[in-house]
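Here is a short report on the packing inside one protein model. Keep the sequence and the 3D view open while reading.

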Amino acid sequence: MTDNLPELRDIHLPTHDVSIWPPAAGWYWLIITIILIFVAYKTIIWLHHKSAKFYAKYLMQTTAAQDNIVAAAQMSEILRRICVHRYSEAVALNGQDWVEFLNSKSEFKLDDKTAKLLLNAPYSPFESTMFAAQDVQNLRRFCLAWIGENL
């Protein structure tokens with residue numbers, strides 16, 4: 001029988017510590033999956049907010065073909081609907097408080113004549129000629145600016 005002991009060698013430990021970097025491939029997949037889920041979530045939230053804004057602007061554009069008083073009443077309704085969705089404290093406001101609230105949330109302010117149109121249009125008869133077409137255009141510009149800033 002031959003002696004194999006001279007061929008055995010001692011166990012040598014590594015001279016440096018074992019690093020945890022780079023991580024295994026599974027960690028890369030986990031990090032990429034988390035990032036993709038986060039980006040998808042943010043994209044869905046962004047699209048939801050954009051779709052609400054586009055829908056509100058679309059409703060504003062559909063009021064352009066209507067009579068002055070009807071268009072102003074519908075614009076008032078659209079602003080109220082947005083406030084129900086976005087600002088719960090503004091739901092019960094009316095009169096000058098409503099106008100002040102709208103002005104506080106926008107850089108573009110309502111003038112007195114346009115504010116009166118916004119306040120009185122829902123209660124005016126449809127055939128009323130109390131307000132000019134220019135007032136309705138001013139109200140439409142204000143509404144579009146307000147929607148752009150608040151949705």
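## Aromatic cluster

Tyr87, Trp98, Phe101 and Trp146 form one aromatic cluster. Rings of Phe, Tyr and Trp (its six-membered ring) pair if their centres lie within 6.5 Å; planes under 30 degrees apart count as stacked, over 60 as edge-to-face and the rest as tilted. The model is predicted: local features need pLDDT of at least 70, side-chain atom pairs count only at pLDDT 80 or more, and totals for chains, interfaces and linings use all residues. Residues are numbered from 1 along each chain as its sequence is written, and side-chain values use heavy atoms, with hydrogens and water left out.

The structure holds 4 aromatic pairs. In one of them, the ring centres of tyrosine 87 and phenylalanine 101 are 5.4 Å apart and the planes stand at 80 degrees, so this pair is edge-to-face. The pair links distant parts of the chain, 14 residues apart. Tyrosine 87 sits in the loop between H2 and helix H3 (95-104), and phenylalanine 101 in helix H3. Helices here are DSSP runs (H or I, at least four residues), numbered from the N terminus.

Tryptophan 98 and phenylalanine 101 make a stacked pair, 6.3 Å centre to centre with 20 degrees between the planes. Both lie in helix H3, 3 residues apart, about one turn of the helix. Tyrosine 87 and phenylalanine 101 are buried, and tryptophan 98 is buried too. Buried means under 20% relative accessible area, with a 1.4 Å probe and protein chains only.

## Two arginines

Which residue lies over the face of tryptophan 98? Arginine 80 does, at 3.8 Å from the ring centre. The test for a charge over a ring is NZ of Lys or CZ of Arg within 6 Å of the ring centre and within 35 degrees of the ring normal.

Arginine 140 is in helix H5. Its relative accessibility is 7%, so arginine 140 counts as buried.

## Nonpolar core

The largest nonpolar core has 30 residues. Such a core is a set of buried Ala, Val, Leu, Ile, Met, Phe, Trp, Tyr and Cys residues joined through side-chain atoms within 4.5 Å. The residues with the most contacts inside it include Trp98, Phe101 and Trp146. Leu79, Leu102, Leu117 and Leu139 are also among them.

H1, H2, H3, helix H4 (112-120) and helix H5 (133-150) each give two or more residues to this core. H2 has the largest share, 8 residues. In soluble globular proteins, nonpolar side chains tend to be buried together.

## Cavity and pocket

On a 1 Å grid over the protein atoms alone, a cavity is a set of points where a 1.4 Å probe fits but cannot get out, and a pocket is an open set with protein on both sides within 12 Å along at least five of seven lines; lining residues have an atom within 4 Å of a point. The whole structure has 1 cavity of 30 Å³ or more. Its lining is His48, His49, Ala52, His85 and Leu151. Helix H1 (residues 25-62) gives the largest share of that lining, 3 residues.

The largest pocket has a volume of about 180 Å³, the space filled by probe spheres set on the grid points, which are joined across faces, edges and corners. H1 and helix H2 (68-86) are the elements that give two or more residues to its lining. Ala52, His85 and Leu151 are among the residues that line the pocket.

Conventions: Buried means under 20% relative accessible area, exposed over 50%, partly exposed in between (1.4 Å probe, protein chains only).
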